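Hi everyone, thanks for making time. Have a look at the structure I'm putting up, and I'll talk you through a few of its contacts.

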Amino acid sequence: MSERTAVIASRVGLHARPAGIFVAAVGELPIEVTIAMAGEPADDAMDASSILSIMSLGASNGDTVVLRAEGDGADEALASLVKILETDLDAE
Amino acid sequence: MLGMKKSRTIVQTLSNSADASRAPAGETEIGRSFVGVGVSPGRIIGPVLLMPTAVREPAVGEQLAEGTSSEEASATLRTAAKAVQSDLTARSAGASGTGREVLEATALMANDPMLVKAAVKLINNGASPERAIWDAAASVAEMLHNLGGYMAERATDVLDVRGRIVAELRGVPAPGIPYSDSPFILVAEDLAPADTATLDPAKVIALVTSSGGPQSHTAIIARALGLPAVVAAVGVDALTDGTRIFVDGAAGTILVDPGADEVALAKAWETSTAALAVFDGTGRLQDGHLVPLLSNVGGAKDAVKAAAAGAEGVGLLRTEFCFLERDTEPSITEQVEAYRGVFDAFPGKKVVVRTLDAGADKPLPFLTDASEPNPALGVRGYRTDFTSPGVLERQLSAIAQAAEGSEADVWVMAPMISTAEEAEHFALLCSAAGLTTPGVMVEVPSAALTAASILEHVDFVSLGTNDLTQYAMAADRQLGPLSALNTPWQPAVLQLIRLTVNGSHDEGHNKPVGVCGEAAADPALAVVLVGLGVATLSMTARALSTVAAVLASVTLAEAQQLAKLALTAHSATDARRLVREKLPILDALGL
């Protein structure tokens, strides 16, 4: 199990356009990725490929989230996702 | 077109299922005509596409069909969800701006793993795919709703996606504005503000609704886009897809299977619109009397377009664009930038900024209370300063900062003023912010009746005829059955306008009375308004050239005579007819 934390950089938080970009990126990966707010049990983590899950997470600008994945290439995959979350996607 | 017609028949069969004895769809319609209220001029011929009726809820507890396994049903649902997703994705590619973002986000929702998994779980418990997706989406929507703010607004998108998936499962057209590769005339019961976001003016060439009034969203969007439109045309929902109709947006008539006469009229309209497309930038009557023609704008983009169309300034800058779809108040810096964009489009010209007009049909989570029993009579417009003081002062300060160093002549006005005391308070706030030309909107009848006292405190007033009509006639702007009451041609509304002008004379300093409602965009009514003593007219940029052409055909004395005729008419219909009869140019231009 690989695990990485990321601080949400988008001004509007992780919804609207930034959430769409993130979900699309997850959808292109061959592995399953979960997302949870930092400090919440791993059992409560949600499917990171679901826009509705991401939206219901309610992560705001500056919040820390935890990404988890298993399998080949998990580390690289998570690194690329962290990079997306730590960019202010709304500004682009 | 054939395929479309076929699926439409299915919808009709479904929606008529409670009344199966009715004659089948497609009965002869040749020569049939419908009469409604013309709200945006233009004569055009084209094929009908009906806005599908809302998707019916599957029966509560609807079970899997016998002989269908839950695996098969789940696969059917997944296929439908994917089909809806690819349809929305394909459509987003052809859209731009906000429309594109909305479509991209809803496309992702359509095939969302959380939503689909929840529905599959219900199918495994024996539910039909339709009922399963219905309930799964309802839970998701409720969850989003409970999160509040931005998420609560997205709940509507989930329900929209749900309707599309159910329609796909049933093999009927998706709800919302129909999609077609070729131009069509959209026929609907009425359009909601959300529908207008996805309305493509390159495809939709005219609008016809069976409900709605002259001030409905359908009417406003039609005028803004320059689309011929007829509202409150009872019976048009019985038309079928593909039927060719003739729409006259000035007369308010619709004719099925038009003949050579109508073809000629539509051709003539095409020619005259091309000739009418130009406004030379000075509004004046035949005798040279000047009537500055300004534009209503909702942001910098609009302002640039309005300036290009020859507008002599901005008579109404709606500042809501800065605030709508936000959970929190925009910062002063953000506001300054947004206002400056508009000011820069009109160097040396007047720009009238209306302060935030939230409430009623424009709710804002941080400012208005959505649970009011009577939102139109509630805390809206200037009144939000009673319950959320500070927002208005910060906005005035932003307007003042944006005006500083700009070349525009910046005026400010407050919406929904009812008393002279409110006008006085607003003028004080303006002067504290360093704004030199304060004014107020006259849209509450009490303000029209006390215009003289109000004008002792402010430098100008601007009549908002949409709300003034709704309040004078006690008739909701959005209600189709009340559309006959809800027209600024009502003699009572014209009397209130006359009283406002009289109030300005009584005050004694010749302070200007303008009009910035939809009434100013009606060329016949524009003549009446000028005859009543209105100094300036502000309208959607599209209407400038037609209003200018008609104003140039009359003298001030003639306009005054027509105003008298309208004021003393027995009904709104009579007023409109009597004035139009004396303005032959209207018919010549197809207006």
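Between them, chain B and chain A bury about 1200 Å², and 75% of that is on carbon and sulfur atoms. Please keep in mind that this is a predicted model. Why quote an area at all? The size of an interface is often given as the accessible area lost when the parts come together.

Counting residues, 16 from chain B are in contact with 14 from chain A. And which residues of chain B lose the most area to chain A? They are Leu108(B), Tyr150(B) and Met151(B), which together make up 35% of what the chain B side buries.

Now for the charges. Across this interface the rule finds 1 salt bridge. Its partners are the side chains of Lys117(B) and Asp47(A), at 3.6 Å from N to O. Over all chains, the count by this rule comes to 17. Another one to click on is the pair Asp160(B) and Arg164(B), whose side chains meet at 3.2 Å, N to O. Both of those residues sit in helix α6 of chain B, residues 149-170, and they are 4 residues apart, about one turn of the helix.

Let's move on to helix packing within chain B. Two packed helices are described by the angle between their axes and the distance between the axes.

Take α2(B), residues 70-94, and α4(B), residues 113-124: their axes come within 9 Å and cross at roughly 155 degrees. With the cut-off for antiparallel at over 145 degrees, these two helices are therefore roughly antiparallel to each other. The crossing is right-handed. On the α2(B) side the contact includes Leu77(B), Arg78(B) and Ala81(B), and on the α4(B) side Val116(B), Val120(B) and Ile123(B) are among the residues involved. By class, that contact has 7 nonpolar, 3 polar and 1 charged residues.

The other pair is α11(B), residues 332-343, with α13(B), residues 391-403. Here the axes come within 8 Å and cross at roughly 50 degrees, which makes α11(B) oblique to α13(B). This crossing, too, is right-handed. If you zoom in, α11(B) contributes residues including Ile332(B), Val336(B), Tyr339(B) and Phe343(B), while α13(B) brings in, among others, Arg394(B), Ala398(B), Ile399(B) and Ala402(B). How do the residues of this contact divide by class? There are 8 nonpolar, 4 polar and 2 charged.

That's my tour, so over to you for questions.

Key
Residues numbered from 1 in each chain as written. Chains lettered and ligands numbered in written order. Predicted model: local features only at pLDDT ≥ 70, side-chain atom pairs only at ≥ 80, totals over all residues. Heavy atoms only, no water. Axes fitted to C-alpha atoms, helices over the stretch in contact; angles between N-to-C directions. Parallel < 35°, antiparallel > 145°, perpendicular 65-115°, else oblique. Left-handed = near helix turned anticlockwise from the far one by under 90°. Contact = heavy atoms within 4.5 Å. Nonpolar A, V, L, I, M, F, W, Y, C, P; charged D, E, K, R; others polar. Buried area = accessible area lost by both parts, 1.4 Å probe. Salt bridge = Lys/Arg side-chain N within 4 Å of Asp/Glu carboxyl O.
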